[in-house]
Amino acid sequence: MAVGTVLVTGGTGYIGSFTTLALLENGYDVVIVDNLYNSSKVAVDRIELISGKRPAFHEADITDEAALDAVFAAHPEIDSVIHFAALKAVGESGEIPLEYYRVNVGGSITLLRCMAKHNVTNIVFSSSATVYGDATRVPGMIPIPERCPIGPTNTYGRTKVMIENVITDQVEAQRNNSKNAGKPSDEWNGALLRYFNPCGAHPSGIMGEDPQGIPFNLLPLLGKVATGERDKLLVFGDDYASKDGTAIRDYIHVLDLASGHLAALNYLREHKPGVKAWNLGSGRGSTVFEMIKAFSKVVGRDLPYQVVERRQGDVLDLTADPTLANKELGWKTKLTLEDACDDLWRWVENNPKGYRQDPPASFIEA
Ligand code: NAD
Ligand code: WQD
C-alpha cells in the first residue's frame, strides 16, 4: 500500500523527474501531468528503469481546466500536489510576459481550482531564489534567509512571487473557511520551496537535464563546451565584488533538491503548518571561475572560456541560508559540487543526444 499519491505537474522535466523518482523510491505513487513542452516522455521510462516503478503519465496542459479535472477524476487517490510545470527562461519572460503570466500564474490558479474541486489540500510549489532579486541591496542578507525582502528583477521572478501569493491566499482562506465550518480536517497546506541553482544528474548516467531548446544555465553550457558542441564558455563579467570577480551562486545537486521536496511533503502531511516558505540550497557559494575549475577537473582538461560583459539582470551573490529547512524539515544537502560535476559529466558524455538515444544495454538487461 502506497504512503500516498502525489500529482506531479511538470513531472517529466528536470527537477520533476528526479522528484518523481524520489517519491517512488520512498513509497509514494505518482501521477504525472506534463504537456512535454520542455521535456520528453522517455523520462518516464528512465524513472522506471531506475526505480522499478512506473508513474502514471498524462499528457495535458495545466492551463486546460477540463483536462486537469479529468486527471483528478481518474485518480481519486491523489492526496497531494507537487507543482513544477512552468515556463522558466528568464530572458524570454521579458520578451513574452503575457505567456509567462498565462502559463505560470494562470496555470497555477487552474490547478488550485481543480484541487479545491477534488478536495486535495496539500501543495508543494517550485518557487525560486530569484524572488529575492539582489539581496545585497539590504545589509546582512547574505547568506539569504527567508525573511529577506522579496524583490524580483525579472518577469519570470514576478510570476513566482504572484504564485506564492495566490497559494498563500488560497491556503489561508480555506483554513479559515474550514475552521469556521468546524471541519479542521479540510485544512489546506502549502510549501513554497525557493530553490537556488539546481545542477547535476543521476549517478547511473541515464537521467539528467534534457531541455528541448538551447540551455542558458552555466552547468549545461559547460557540458556543451566539454563535448565540443560549443567552442567556449562566455563568462558574464569578472568585475563583481567577489574573491575572483565572478558572480556567486549556491549550486545544489538535483538529488538533494528532490529529497527536499520529499521532506517538505512529509512535513505538510505530518504537521499541517498552513503555508510556509523554505530555502533549498547548500549554504555554500561558488563563483563562476570556481565552477569552471571544478568541471574542468572532472573532464580532465581546461575548458576554454572568455570573459564578456555582465549579463543584464544578474546579481552578485545568491547564496542560501538553509537553516530553516535544516531545522524544520530535517533536510540538508548531502552531495558536493564535485558529485554534481561528476554526475553531470557522466550524463553528458554518455548521452550527447539526451533522451533521444537508448540507455546503455547493461541497464536494459538488468
Ligand atoms: P523543466 O522545464 O525541465 O520542467 C518544467 C516542466 O513543465 C517541463 O517538463 C515542461 O514540459 C512542463 N510544462 C511547461 N508548461 C506546461 C504546461 N502549460 N502544462 C503542463 N506542463 C508544462 O524545468 P525545471 O528546471 O525542472 O523546473 C521545474 C520548476 O522549478 C519550474 O517551476 C521552475 O520555474 C522551477 N525552478 C527551476 C530552477 C532551475 O534552475 N532549473 C530554479 C528554481 C526554480
Ligand atoms: C549562474 C552564473 C551567470 C551562463 C537562473 C535563474 C534563476 C533560477 C536558476 C529558475 C551567473 C554565470 C551563466 C553563461 C556565465 N532558475 N553564467 N556564462 O542566473 O543564477 O539563475 O537559473 O528559477 O531564476 O535566473 O543561473 O546558470 O544562468 O548562471 O558566466 O553562459 O553563471 O552570470 O553568475 P542564474 P545561470
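Which backbone atom lies 3.0 Å from an oxygen atom of ligand 1? In this predicted model, a backbone N or O atom of Tyr37 lies at that distance, 3.0 Å, from a ligand oxygen atom. Local features need pLDDT of at least 70, side-chain atom pairs count only at pLDDT 80 or more, and totals for chains, interfaces and linings use all residues. Residues are numbered from 1 along each chain, ligands are numbered from 1 in the order in which they are written, and side-chain values use heavy atoms, with hydrogens and water left out.

| Protein atom | Distance to an oxygen atom of ligand 1 |
|---|---|
| Tyr37, backbone N or O | 3.0 Å |
| Lys88, polar side-chain atom | 2.8 Å |
| Tyr156, polar side-chain atom | 2.5 Å |

Taken alone, ligand 1 exposes 820 Å², of which the protein buries 95% (accessible areas by the Shrake-Rupley method with a 1.4 Å probe). Of the 27 residues around the ligand (a heavy atom within 4 Å), Asp34, Asn38, Ser39, Phe84 and Tyr156 come nearest, and the shell divides into 14 nonpolar, nine polar and four charged residues. Strand S5 (122–128) is among the elements that each supply at least two shell residues, and S5 gives the most, with three.

Terms used:
Polar contact = N/O pair within 3.5 Å; in protein donor to acceptor, adjacent residues only side chain to side chain. Helix = DSSP H or I, 4+ residues; strand = E, 2+ residues; numbered from the N terminus. Nonpolar A, V, L, I, M, F, W, Y, C, P; charged D, E, K, R; others polar.
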